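Please keep the model in view while reading.

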Amino acid sequence: MQRVFSGIQPSGIPTLGNYLGAIRNWVGLQSDHECIWCVVDLHAITVFQDPKALRQQTLEMAATLLACGVDPQNHILFAQSSVRSHVQLAWIFNCVARIGWLNRMTQFKDKAGKDRENASAGLYVYPNLMAADIHAYHATRVPVGDDQRQHLELANDIAKKFNFDYGVEFFPQIEPLILGPAARVMSLRDGTKKMSKSDPSEQSRINMNDDGDAIALKIRRAKTDPEPLPDAVAGLEGRPEARNLVGIYAALAETDHASVLQDFGGKGFGTFKEALAELMVEKLAPINNETRRWLDDEGSIVRILQAGAERAAAIADPIVAEAERLVGFIGLQR
Ligand code: TRP
């Protein structure tokens, strides 16, 4: 069975984009893969996080994952900072990756923005830590959103250079799994921008803890154009907001753009938005309730994460210890 690894940042309330683009796909992979799911708190602090909020958001992310069907018994769910091997391997990778490679990362350019000099050093080497997350487990399949593709290419370049420099075949190549019709859920205010936890506008996203009224209001206010919906997918060309809403509907209904347009082609956005809001509430309300149930028992989430960390460390520690030996470190006699 192939080993899957993926991570998600606890840097805000999970959004519909996280659910459709990532979490739901994770759950599907559990039936025929050995899965390791990680709440990446080390990645989160590459931009400052209030400590209380970070702790709370880590618990909320774990609760949402559990509510969505992540299985912590047959698979592994843990918080990244609890397994020290990630950081130890990341340091080695900091010394393998070239500055030129990191300079090409578009996400760093986007996130650092104009004030590059003031971005944290951690934000710059973020992709090296992500490579370490995956390679510490010799994971070969990594489900991610489209925006992470470049980071996975970098992780493969790091593996190749490590293997070459040390004359070994130690780290395997990884295969990105870019899944589903909604691999990219876009902002409700701007169909060309990804839906994001960090967008300053609340109206731009559906939070996984939004209630029915909030969902209905945000969908009603979502940006659209004045035309009715087209009859065929080609008619979505140049209409990013229409494409996004149709894509969200398709993903929630587990169908495709074409069949949504079969039902709604020629109809106005008023009708379509009403149906979309209703479908969304129907799908998200049970998850919302289940998440709250988990959060009422914080202790049980903490126990699950800690048990997950122990099992994760049992896989990662020997792999990272071997990488350290290959590098020439004396290591600890245990
Ligand atoms: N960088 C990823 C994101 O923001 C999260 C992540 C961290 C990740 N480590 C990972 C994803 C390892 C896949 C594998 O979406």
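1. Helix α8 covers residues 149-166, and its 18 residues should span 26 Å at 1.5 Å a residue; the end C-alpha atoms are 26 Å apart, which agrees. The expected span is 1.5 Å times one less than the number of residues. Helices (DSSP runs of H or I, at least four residues) and strands (runs of E, at least two) are numbered from the N terminus. Several residues of α8 are buried, including His-151, Leu-152, Leu-154, Ala-155, Phe-162 and Asn-163. Here buried means under 20% relative accessible area, exposed means over 50%, and partly exposed lies in between, with a 1.4 Å probe and protein chains only. Just after α8, Gly-167 adopts a positive phi of about 60 degrees.

2. A word on the basis of these values is in order. The model is predicted, so local features need pLDDT of at least 70 and side-chain atom pairs count only at pLDDT 80 or more, while totals for chains, interfaces and linings use all residues. Residues are numbered from 1 along each chain as its sequence is written, and side-chain values use heavy atoms, with hydrogens and water left out.

3. The largest pocket holds about 1100 Å³ of space. Of its 42 lining residues, Gln-107, Lys-111, Asp-147, Gln-148 and Lys-194 are the closest to the centre. On a 1 Å grid over the protein atoms alone, a pocket is an open set of points with protein on both sides within 12 Å along at least five of seven lines; a cavity is a set where a 1.4 Å probe fits but cannot get out; lining residues have an atom within 4 Å of a point. Grid points are joined across faces, edges and corners, and a volume is the space filled by probe spheres set on the points.

4. Which elements supply at least two residues each to the lining of the largest pocket? They are β1 (3-8), α1 (16-29), α2 (41-44), α6 (106-112), α7 (121-135) and β4 (141-143). The lining divides into 17 nonpolar, 17 polar and eight charged residues. In this scheme Ala, Val, Leu, Ile, Met, Phe, Trp, Tyr, Cys and Pro are nonpolar, Asp, Glu, Lys and Arg are charged, and the others, Gly among them, are polar.

5. The search of the whole structure also finds two cavities of 30 Å³ or more. The largest cavity has about 50 Å³ of space, and its lining consists of Gln-107, Phe-108, Lys-111, Leu-123, Tyr-126, Pro-127 and His-151. By type, the lining of the largest cavity divides into four nonpolar, two polar and one charged.

6. The second largest cavity has about 30 Å³ of space. Ser-187, Leu-188, Ala-222, Lys-223, Glu-241, Asn-244 and Leu-245 line this cavity. Two of the residues named there, Glu-241 and Lys-223, also form a salt bridge, with their closest N and O atoms 3.4 Å apart. Because Glu-241 lies in helix α10 (residues 240-253) and Lys-223 in the loop between α9 (212-221) and α10, the pair ties together parts that are 18 residues apart in sequence. Glu-241 is buried, at 11% relative accessible area, whereas Lys-223 is partly exposed, at 39%.

7. The count of salt bridges (a side-chain nitrogen of Lys or Arg within 4 Å of a carboxyl oxygen of Asp or Glu) comes to 14. In helix α12 (residues 269-295), Glu-290 and Arg-293 are three residues apart, which is about one helical turn. Salt bridges that share partners join Glu-202, Arg-205, Asp-210 and Lys-218 into one network. Within the Glu-290 and Arg-293 salt bridge, the closest N and O atoms are 3.0 Å apart; Glu-290 is partly exposed, at 26%, and Arg-293 is exposed, at 54%.

8. How many disulfides are there? The count is zero, a disulfide being a pair of cysteine sulfur atoms within 2.5 Å. For Cys-38, the nearest cysteine sulfur is that of Cys-35, 13 Å away. Cys-38 is buried, at 0% relative accessibility. For Cys-68, the nearest cysteine sulfur is also that of Cys-35, 15 Å away, and Cys-68 is buried as well, at 15%.
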